[in-house]
Amino acid sequence: MASQSPLYIGFDLSTQQLKGLVVNSDLKVVYIAKFDFDADSKGFSIKKGVLTNEAEHEVFAPVALWLQALDTVLASLREQGLDFSRVKGISGAGQQHGSVYWSHEAESLLQNLNSEKSLEDQLESAFSHPYSPNWQDSSTQKECDEFDEVLGGPEELALASGSKAHHRFTGPQILRFTRKHPEVYERTARISLVSSFLASLFLGHVAPFDISDVCGMNLWNIKQGAYDDRLLQLCSGKFGIDDLKKKLGSVPEDGGLHLGSVHPYYIKRYGFSADCTVIPATGDNPATILALPLLPSDAMVSLGTSTTFLMSTPSYKPDPATHFFNHPTTPGLYMFMLCYKNGGLAREYVRDAINDAIQETPDNPWAHFDKIALETPALGQSLATDPMRMGLFFPRPEIVPNIHSGQWRFIYDPKTATLSESTEGWNNPHDEARAIIESQMLSLRLRSKGLTQSPGNGLPAQPRRVYLVGGGSKNKAIAKIAGEILGGVEGVYKLDIGDNACALGAAYKAVWGLERKAGETFEDLVGKRWNEDEFIEKIADGYQPGLFEKYGMAVEGFQKMEDKIVRQVHAEKH
Ligand SMILES: Nc1ncnc2c1ncn2[C@@H]1O[C@H](COP(=O)(O)OP(=O)(O)O)[C@@H](O)[C@H]1O
Ligand SMILES: O=C(CO)[C@@H](O)[C@H](O)COP(=O)(O)O
């Protein structure tokens with residue numbers, strides 16, 4: 001009976017909101033609910049979902065905020081008419097690297113959840129620490145230096161764990177925690193990632209880490225498929241490795257594992273069925289690559305708070321400049337990622353400066369930004385003989401490259417390969433609309449060129465398709481410029497569900513976990529049910545001969561510019 005056909009929920013607990021998205025077995029979206037942390041929460045003095053301690057470069061989020069969000073999203077789905085008894089599987093996606101510190105009371109509080117009370121009202125003492133360090137945190141330089149050294153250098157750490165040490169990665173964050181809050185660390189029974197925290201709430205006990213998201217900790221040895229004891233030893237500080245192993249718990253290999261049934265709290269409060277199964281929640285970026293049957297020749301660009309560039313690949317080629325993770329569902333595949341802290345918020349700064357200069361914020365606050373970005377010639381060159389204008393726009397300290405916040409503007413002459421720092425010819429803030437998009441896309445092209453191949457017919461190496469997801473994927477001006485720079489022989493696409501790709505990927509993971517036949521891969525199952533005409537839309541051209549090659553020359557200037565800025569910044573420090 002159609003009314004009894006199964007449904008699956010995917011949650012996306014990202015930086016600025018929690019989303020819940022419900023799909024049926026045909027992968028069609030039937031309900032969506034959203035809780036925007038800044039706009040919808042009560043009692044938290046957060047901005048863009050987080051709190052900051054500038055003095056120590058700390059960025060963190062109150063865990064109770066997420067509890068409030070979860071009950072509200074479930075209530076909203078119920079109000080929309082969702083019959084929770086049809087929901088057969090739940091999975092989720094969490095902003096990556098964030099850690100949640102559970103107290104010794106947590107297991108008992110989770111097991112005994114009372115459906116008469118909200119999660120927020122009854123889980124306060126389940127946490128030894130009320131905050132979760134956020135991926136935008138950059139307080140751990142000292143700890144990163146130690147992680148980079150412990151195996152012999154950043155290359156060795158990248159080879160073992162998929163990434164060199166990064167401020168936001170959970171291992172360096174935990175090490176700093178043992179030093180800054182030693183007594184709280186001692187009172188901590190378990191540590192979750194945001195993804196496993198989400199699964200824990202549904203299970204009613206602390207869930208294991210997910211096989212992909214665990215790679216965002218600098219603790220997991222990807223080729224060995226196990227924690228690396230040398231990294232755990234360092235991370236545990238003065239408290240010892242055995243204690244840390246207990247806090248972290250085991251990591252099941254199967255991304256579709258049945259972790260258990262949903263806790264009675266959800267059955268009584270929302271009407272879930274007792275046979276609804278919880279599937280491991282993964283990171284928001286790994287979940288994003290599950291939103292469609294992604295081919296190794298495709299690229300995804302997630303334009304969320306962070307900008308991330310994602311590919312699914314069978315080759316493991318770790319490098320200190322990039323990230324490799326286990327694929328969330330398919331052993332033998334990896335996820336390649338680049339992650340920029342200065343993504344959506346940096347573009348918003350330029351947008352707001354333009355609206356301020358024009359003294360008008362239209363109903364669509366991006367309208368002026370988009371129009372100006374499209375009217376500005378590529379690289380600011382009115383004539384082919386003009387120098388190229390390019391810059392870096394980092395209102396926050398950046399990950400790629402690892403430098404402090406700042407703005408730098410350059411002009412580059414590709415004929416002579418000369419570069420000079422100059423604001424000459426720049427009309428700010430207007431010229432920055434195109435320049436910031438170009439800057440972000442040139443950086444992606446520079447760093448992903450080793451993974452792209454020629455599509456044949458003598459064409460230059462580039463992706464087959466570029467898929468845009470995340471909040472910024474609504475923006476056609478960004479899509480057009482992305483296609484000009486990144487190429488994509490078949491073009492630039494967005495998912496029909498727009499900025500909900502990550503929750504969608506989580507929901508598809510639940511479908512696969514529950515409906516797969518023995519040995520059926522995620523790609524097989526989703527590939528068979530995928531309805532290309534309905535689920536994606538081409539929004540811009542990709543490869544454009546001439547323009548692609550022009551941007552190829554700009555990439556060379558961009559690399560020189562970045563090297564110069566990094567050298568300058570390092571010289572200032574010493
Ligand atoms: N029309 C638009 N054009 C460009 N950017 C947009 C547009 N709409 C939303 N955004 C950006 O999307 C970002 C939020 O993206 P989203 O993927 O929902 O966030 P999260 O990081 O919480 O997953 C905002 O910071 C905003 O800058
Ligand atoms: O740190 C990373 C990835 O390494 C970020 O991508 C976070 O996972 C947060 O993502 P969004 O909230 O921007 O989706």
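Modeller: Ala, Val, Leu, Ile, Met, Phe, Trp, Tyr, Cys and Pro count as nonpolar; Asp, Glu, Lys and Arg count as charged; the others, Gly among them, count as polar. The model is predicted.

Colleague: Which class leads in the shell around ligand 1, by residue numbers?

Modeller: Polar, with 11 residues, against 2 nonpolar and 4 charged. Gly counts as polar, so Gly304, Gly344 and Gly471 fall in that class. These three are among the closest residues, along with Ser14 and Thr305.

Colleague: What makes a residue part of that shell, and how many surround ligand 1?

Modeller: The cut-off is a C-beta atom, placed from the backbone, within 6 Å of the ligand. For ligand 1, 17 residues surround it. Helix α14, residues 344-358, gives the most, with 4 residues.

Colleague: What does the shell around ligand 2 look like by class?

Modeller: It has 12 polar, 2 nonpolar and 2 charged residues. In total, 16 residues surround ligand 2. The closest are Thr15, Gln96, Trp135, Gly304 and Ser306. Trp counts as nonpolar, so Trp135 is one of the nonpolar residues.

Colleague: Which domains supply at least three residues each to the shell around ligand 2?

Modeller: Domain 1 (2-280) and domain 2 (293-341 + 451-500 + 532-540). The domain assignment also gives domain 3, made of 344-449 + 546-573.

Colleague: Where do the C-alpha centres of domain 1 and domain 2 lie, and what does the contact take from each?

Modeller: The centres lie 25 Å apart. The contact takes 24 residues from domain 1 and 18 residues from domain 2. On the domain 1 side, β2 (17-24), β3 (29-36) and α6 (154-161) each give two or more residues. The largest share, 4 residues, comes from α6. By class, that side divides into 9 nonpolar, 10 polar and 5 charged residues.

Colleague: Which residues have the most contacts inside the largest nonpolar core?

Modeller: Ala482 and Ala507, in a core of 173 residues. Helix α18 (residues 501-515) gives the most to this core, with 10 residues.

Colleague: What is alanine 507 in contact with, leaving aside its neighbours within four places in sequence?

Modeller: Contact needs C-beta atoms within 7 Å. Tyr8, Ile9, Gly10, Leu21, Val22, Val23 and Ser91 are in contact with alanine 507.

Colleague: How do you know which form the peptide bond from valine 400 to proline 401 takes?

Modeller: Its omega is near 0°, and the bond is cis. Proline 401 lies in the loop between β19 (388-394) and β20 (406-413). Asparagine 428 and proline 429 are also joined by a cis bond, with omega about 0°. Proline 429 lies in the loop between β21 (418-421) and α16 (430-448).

Colleague: What does the UniProt annotation say of residues 299-513?

Modeller: The unreviewed entry labels them "domain: Carbohydrate kinase FGGY C-terminal". In the model, the span is 31% helix and 24% strand, with end C-alpha atoms 25 Å apart.

Terms used:
Residues numbered from 1 in each chain as written. Chains lettered and ligands numbered in written order. Predicted model: local features only at pLDDT ≥ 70, side-chain atom pairs only at ≥ 80, totals over all residues. Core = buried A, V, L, I, M, F, W, Y, C linked by C-beta atoms within 7 Å. Buried ≥ 20, exposed ≤ 12 C-beta atoms within 10 Å, placed from the backbone. Contact = placed C-beta atoms within 7 Å. Domains from an automatic or database assignment. UniProt positions renumbered as here; feature names shortened; annotations may be inferred.
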